[in-house]
Amino acid sequence: MEASTKAYAERRAEAAADRAASWKQLLRRVRKYRTLLLMTLPAVLYFFINNYLPMFGVVIAFKNINFADGILGSEWIGFKNFEYLFKTSDAYIITRNTLLYNIVFIILNTVLAIALAIMLNDIKNRIVSRTFQSLILLPYLISMVIVGYLVLAMLDVEKGYMNNSILPLFGIGDISWYSETKHWPFILTIVNVWKGVGYLCIIYLAAIIGIDQEYYEAATIDGASKWQQIRSITIPLITPVVSIMTLLAIGRIFYSDFGLFYQVPLNTGVLMPVTNTIDTYVYRALITMGDLGMSSAAGLYQAAVGFVLVLVSNYIVNKKNSDNALF
Amino acid sequence: MQTNRLYQFGIIFIMLAFTLFCVFPFVLLFSASLTNDLEIVRSGYKLIPNEFSLEAYRYMWNNSTDIMRSYGITILVTVTGTAAGMAITAMVAYPMSRKEMPFRNALAFYVFFTMLFNGGLVPTYLLYTNYFDFKNTLLALILPGLLANGFYVILMRTFFAASIPKEVIESGYIDGAKEWKIFCAIVLPLSLPVLATVGLFYTIMYWNDWFNGLIYVTEKQYFSIQNLLNRILLDLQFLQNNTQQMGKGAELVAKLPLDSMRMAMAVIGIVPLIAAYPFFQKYFVKGLTIGAVKG
């Protein structure tokens, strides 16, 4: 009994000494690398202010904010803001729009980008191929405000290129683009393809260039057709990159490009049934209506579901191939 | 052989069609800015104007106060933001790449988590307007959301970890150099490719940003070129009112080539980036492809 107590005390003393030693060691390391630690301070501070402080701000969604009492002093109202939000038809419309657009964008962009990348890689003349590469990246370079101008130049009711030069060729009369909702799902999809496919295409092209040429040489000797080579060599070998890009996009399926849905339709009220997404709703609720409750509830709804989706998509990548996972 | 040539012809034809689709709106915008305004009113924007006119650019040049100021603000914000952002990013990425650095994993998680979750627009907006009073300041165009992001930090850290040999840093120690000296005189000069890539992304991001201006800036004198363009896009009257305010008189305003002028302003908003594009294209493509691999 006594012996065991003694042994126990010894062990504890040892453990304490170990802890002290490791503390000392850590302190020594901190002192040794203090310059490195100091170097990280600006970024640590910036992320704290810009990213972490607003995370605590999600409590706003559960409060009835009035500025006299400040954020901390305002009254807690539980899930009331969410109740109001989900009672309106807005919640359904913005969720539907965000999801449907993203699903269409993901499928269309992936298929088109792969097809274009394969064609770009097969063009024998390097100069021609390079020129195409540079030019299809141009739309990726400009801001959504400029995209708004370009779309206006095409679609303006009186002066636009569509109504003045293209539709007459087919004998179709003027269309008032900015007041008819039925066209916008197509317009927004085309604009999204126009702006985003070049970038995705270059990524897939890089993956295709990385494929060992010997596979194709062997296949050609065996008499495989072009189409068979694409199906049995190119596609399987770029699948890792494609799945990563797609899963990343799925992780962001609850987010939309604010500029695309706000600038390109020129913030037009009549078009809102088909152009309102979670991001534009949060913005309008905050800036135009000053409704902090609704807008922060919608924002938290987006961030929370988005967070879960990132975790889920990462879990799937991790299962498939842990090298490709984010974390 | 015959099918091969047919295939080459086919893919070049399809790629050409897609490339034209990408470039066409730019050409239309440029032509519209060079078209006589009366012709635009009469028959719309044309690919090849019947009546070529530099009127829009002349008016802009003569009434350039607003445009010049906005241009100046964009350049100032882009240069300051890019320089500060790169400094901050490199300074946190380098220690994170050093294996012996204390709290390395905690720091990596701290940076990484910012990419997974965010507080959203409302808390951010309240923070910067109520607590920091950034509304209608130049800081509002530089700081919120743009100055540093987890993705660039991880991009740089990966480069430092992979391309700066440990021995180089150790030899710096042996020569008696301090950490700061090693960072500036050894690590940075060896990292020009990643610095060019990240610097380019910062430049494009700051040049193109209009969101901060949209939510934090209401006064005209702090508009960046994108915000000015944004106002004119959503409200053509804004261009007219502004020209009027500059005291040029009503009869001049009536003759203002509004439509071509609006397009001409968009042209000068993109010309700097497009003109510089051939020079930075190499790094741009590289950055995009690294981005895909490191996610």
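Guide: In this predicted model, the largest nonpolar core holds 195 residues. The residues with the most contacts inside this core are A:Phe47, A:Tyr149, A:Trp184, A:Tyr204, A:Val264, B:Tyr94 and B:Phe284. Helix α9 of chain A, residues 184–209, supplies the largest share of the core, 15 residues. Domain 1 (1–50) and domain 2 (83–324) of chain A both contribute residues, so the core lies between these domains. The C-alpha centres of those two domains are 49 Å apart.

Setting aside neighbours within four places in sequence, A:Phe47 is in contact with A:Tyr52 in chain A. From chain B, A:Phe47 meets B:Tyr110, B:Val111, B:Thr114, B:Ala148, B:Asn149, B:Gly150 and B:Val153.

That leads us to the interface between the chains. Here 91 residues of chain A are in contact with 97 residues of chain B. Together the two chains bury about 8800 Å², and carbon and sulfur atoms account for 79% of that area. On the chain B side, the residues that lose the most area to chain A are B:Met15, B:Tyr110 and B:Leu233, together 8% of what that side buries.

B:Leu233 belongs to helix α13 of chain B and is one of its buried residues. This helix, residues 225–234, is mostly covered, with eight of its ten residues buried.

Now go back to chain A and find A:Phe82, which sits in helix α4, residues 80–87. A:Phe82 counts as buried because its relative accessibility is 12%, and the cut-off for buried is under 20%. Apart from residues up to four places away in sequence, A:Phe82 touches A:Ala61, A:Phe62, A:Ala297, A:Leu300 and A:Tyr301. If you want a sense of distance, select A:Phe82 and A:Lys195: they are 113 residues apart in sequence, and their C-alpha atoms are 34 Å apart in space.

B:Val79 and B:Tyr206 are 127 residues apart in sequence, with 8.5 Å between their C-alpha atoms. B:Val79 is in helix α4 of chain B, residues 65–97. With a relative accessibility of 54%, B:Val79 counts as exposed.

Most residues other than glycine have a negative phi. A:Asn267 is not a glycine, yet its phi is positive, at about 50 degrees. You will find A:Asn267 in the loop between α12 (258–262) and α13 (272–275) of chain A, partly exposed with a relative accessible area of 31%. In chain B, B:Phe103 also has a positive value, with phi near 60 degrees. B:Phe103 lies in the loop between α4 and α5 (104–116) of chain B, and at a relative accessible area of 48% this residue is partly exposed.

Finally, step back to the whole chains, beginning with chain A. Chain A has 15 helices and two strands. Its radius of gyration is 28 Å, well over the 20 Å that the globule rule gives for 327 residues, so chain A is more spread out than a compact globule. Along the principal axes, the C-alpha atoms of chain A fill a box of roughly 105 × 70 × 40 Å. Buried residues make up 49% of chain A. Among its contacts between residues at least 6 apart in sequence, 64% join residues at least 24 apart. Chain A exposes about 16700 Å², with carbon and sulfur atoms supplying 64% of that surface.

Chain B has 16 helices and zero strands. For its 295 residues the globule rule gives 19 Å; the radius of gyration is 24 Å, well over that value, so chain B is also more spread out than a compact globule. The C-alpha box for chain B is roughly 75 × 70 × 35 Å along the principal axes. In chain B, 53% of the residues count as buried. Of the contacts in chain B between residues at least 6 apart in sequence, 72% join residues at least 24 apart. The accessible surface of chain B is about 13300 Å², and 67% of it belongs to carbon and sulfur atoms.

Notes:
Residues numbered from 1 in each chain as written. Chains lettered and ligands numbered in written order. Predicted model: local features only at pLDDT ≥ 70, side-chain atom pairs only at ≥ 80, totals over all residues. Heavy atoms only, no water. Helix = DSSP H or I, 4+ residues; strand = E, 2+ residues; numbered from the N terminus. Buried < 20%, exposed > 50% of the residue type's maximum accessible area, 1.4 Å probe, protein only. Contact = heavy atoms within 4.5 Å. Core = buried A, V, L, I, M, F, W, Y, C linked by side-chain atoms within 4.5 Å. Domains from an automatic or database assignment. Rg over C-alpha atoms; globule rule 2.2 N^0.38 Å. Areas by Shrake-Rupley, 256 points an atom, 1.4 Å probe, with all protein chains shown as cover. Buried area = accessible area lost by both parts, 1.4 Å probe.
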